[in-house]
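Reader: I have a model open on my screen and would like to learn how to read it. Could you take me through it step by step?

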Amino acid sequence: MATGGLKEDEATRDRRIDAATGEYRVIAPGQTFRSVTEKITRIVLTPDTPLGWFALFGVGGALATMLMVALTWLFLIGTGIWGITQPAAWGFAIINFVWWIGIGHAGTLISAILLLFKQSWRNSINRFAEAMTIFAVVCAGLFPLIHLGRPWLGYWLLPYPSTMDVWPQFRSPLMWDVFAVSTYAIISVVFWYIGMVPDFGTMRDRAESKIAQYFYGLCSLGWRGSVRHWMRYETASLLLAGLATPLVLSVHTVISFDFAVAVLPGWHTTIFPPYFVAGAIYSGFAMVLTLAIPLRKFYHLEALVTERHIDNMGKVMLATGFIVAYGYGMEIFMAWYSASHWEAFMMWNRMFGPMGWAYLVLVTCNLAIPLTTLWSRKLRTSIGYMFFISIVVNTGMWFERFVIVVTSLYRDFLPSSWGTYRATKWDYMTYVGTLGLFMFLFLLFVRFLPMIPMSEIRTMLPGAKITAKTRAEAGD
Amino acid sequence: MPPREGTYGLLAEFDTPGDLIRAARQARLDGWRRLDCYTPYPVEEAAEAIGFHRNKVPLVTLVGGLIGLVAMFALETWVSVWAFPLNIGGRPTYSWPAFLVPAYEWTILFAGLSAAFGMLALNGLPALYHPLFNAPNFRNGATTDKFFLCLEALDPKFDLSKTKAYLENFKPVSVVEVEY
């Protein structure tokens with residue numbers, strides 16, 4: 001009956017809200033150490049892979065294959081198959097590089113910065129946010145390499161004693177990029193893996209097939225949960241978080257230097273580093289939502305990834321969205337305040353020139369839609385709406401990079417050298433292909449690795465509370 | 001190393017972290033030194049109870065970070081000033097502000113790797129075999145929802161029957177003997 005259903009719905013809703021704070025609970029009530037462990041390990045250790053997984057895996061695999069086709073043709077012919085030319089010599093490759101790296105940043109923010117701030121609600125989402133970081137960095141790292149022209153000589157970027165007696169030029173931001181992005185990739189993988197070691201121990205002990213026992217046994221490195229190990233582990237996690245925090249801020253700062261160090265109107269501005277970092281986190285949280293919302297539904301994880309998580313991510317997006325808005329505003333202000341003819345023209349051309357539509361998309365998707373509606377708690381806890389917003393912001397942030405890269409380049413100082421930019425089918429295939437590669441890797445992760453950190457969830461359960469009596473006896 | 005034989009220790013199983021902490025603290029007060037607790041998530045109070053207060057991971061991380069910083073800055077200086085000096089728009093060959101960026105990244109890289117691998121090394125991991133895995137109830141509980149206290153045979157106070165009775169005092173779920 002309709003009315004009965006409604007009543008029950010209200011009753012379950014009340015259980016999900018914490019009476020003390022009026023907020024949604026971080027973890028739905030009624031979970032125990034064992035139920036949480038069962039829930040998370042069963043997703044991986046089940047012999048029955050859901051059919052939907054295979055369907056999505058097929059789609060991701062097909063798109064990743066398309067990427068391979070596009071790359072093969074690129075390696076055979078060269079970057080001429082792309083839309084890049086003079087004056088717009090940076091196109092999709094750089095746009096996508098910045099977009100993907102930015103997406104990765106939210107994962108590090110969730111795993112590192114929120115850990116330092118003791119935001120324990122992050123525990124449910126931090127593992128797959130970190131996985132998202134790593135796969136996003138994989139996709140991002142691909143673009144500068146294939147943009148090199150002769151990608152098989154990519155190792156020339158590294159300082160090594162070559163027979164040519166040539167060394168890299170350390171005063172270039174492009175060189176800084178090599179170290180920033182490679183460090184980011186390595187530290188993200190290490191942080192992710194170290195975080196999984198205790199969970200691998202759980203998987204090893206719960207696996208029934210021999211292959212799974214060996215596989216997770218090797219991955220767990222023999223973890224046995226000794227408290228001495230745990231204390232060193234906790235120290236190392238905190239230190240890694242403390243190191244990843246300045247790292248993540250530096251990576252997008254260095255990427256913004258790629259632009260800001262150039263003397264080109266539209267690029268040469270000091271607002272770029274903070275504005276890039278905020279934009280990265282903005283788009284990254286959008287991507288976390290894009291992934292988390294279908295995942296919790298598909299794997300019935302509503303008890304662990306609750307409305308509270310969605311709500312909090314909405315708040316972070318609101319805050320970073322306003323920093324981004326400030327960045328846009330400051331760009332426009334400086335175009336006028338600098339009294340530079342070139343700056344003013346660049347801004348006018350960006351908003352009203354032949355590619356003004358891209359600026360309009362950016363303002364609509366990044367400012368008009370999210371920043372007006374995310375104030376409402378009702379909308380922030382509406383799952384469907386948040387999924388919609390996540391797609392909108394991802395689109396908007398892609399266009400932000402498009403606007404920065406293309407509209408600054410295609411009409412520079414001399415009208416005689418003006419041109420335009422039009423992406424080719426190979427550009428689109430490469431971009432969509434990396435989306436497929438990302439999906440492919442992420443689905444493998446969801447199927448074979450514990451996607452929610454069990455040991456961290458356990459610390460938040462009521463069973464983990466140590467009574468005041470025990471504490472008092474300790475005398476500390 | 002030849003395989004050891006005999007008893008590794010006695011393993012008491014508890015249902016709650018509170019019971020484990022009480023038992024561990026009492027054992028420590030009674031003079032036990034070769035003992036360890038096993039928990040499915042970090043329980044700081046249990047580490048305090050067995051007298052494990054400090055660890056060397058921060059020191060290892062600091063040393064690693066400094067090595068990274070010095071290594072990269074020295075490499076950049078050597079390359080730009082001596083090995084391959086280039087005139088880029090008349091800027092000095094020793095452009096230290098520019099060198100700070102990669103040096104900063106390597107500080108983080110080396111510190112991070114030192115923290116992770118230093119932690120594993122100090123823990124003696126990877127160690128794929130450990131006698132505790134022989135205990136019948138260990139693997140079902142220690143990584144899921146049970147809390148264990150192990151009094152090891154290497155402790156001079158250890159005596160199989162007396163220690164077993166001693167552990168029974170704490171009202172554990174079970175006490176089992178662990179063999180090598």
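Author: Let us begin with how the two chains meet: 54 residues of chain A are in contact with 63 residues of chain B. Two residues are in contact if their C-beta atoms, placed from the backbone, lie within 7 Å. This is a predicted model, where local features need pLDDT of at least 70, side-chain atom pairs count only at pLDDT 80 or more, and totals for chains, interfaces and linings use all residues. Residues are numbered from 1 along each chain as its sequence is written, while chains are lettered from A and ligands numbered from 1 in the order in which they are written.

Reader: Which helix gives the largest share of the side of chain A that touches chain B?

Author: Helices (H or I, at least four residues) and strands (E, at least two) are DSSP runs, numbered from the N terminus. Here H8(A) gives the largest share, 17 residues. By class, the side of chain A that touches chain B has 28 nonpolar, 16 polar and 10 charged residues. Ala, Val, Leu, Ile, Met, Phe, Trp, Tyr, Cys and Pro count as nonpolar, Asp, Glu, Lys and Arg as charged, and the others, Gly among them, as polar.

Reader: How do I read two helices that pack together?

Author: Angles under 35 degrees count as roughly parallel, over 145 as roughly antiparallel, 65 to 115 as roughly perpendicular and the rest as oblique. In chain B, the axes of helix H3 (residues 57-83) and helix H4 (residues 96-123) come within 7 Å and cross at roughly 150 degrees, which means that H3(B) is roughly antiparallel to H4(B). Their contact has 19 nonpolar, eight polar and one charged residues.

Reader: At what angle do H5(A) and H9(A) pack?

Author: Helix H5 (residues 123-146) and helix H9 (residues 272-298) of chain A pack at about 125 degrees, their axes 10 Å apart, so H5(A) is oblique to H9(A). Their contact has nine nonpolar, no polar and no charged residues.

Reader: And where is confidence lowest and highest in chain B?

Author: Look at pLDDT, the predictor's confidence in each residue, from 0 to 100. Chain B averages 87, with 98% of the residues scoring at least 70. Confidence there is lowest in helix H5 (residues 138-141) of chain B, at a mean of 82, and highest in H3(B), at 94. For the complex, the predictor gives an ipTM of 0.92 and a pTM of 0.88.

Methods:
Axes fitted to C-alpha atoms, helices over the stretch in contact; angles between N-to-C directions.
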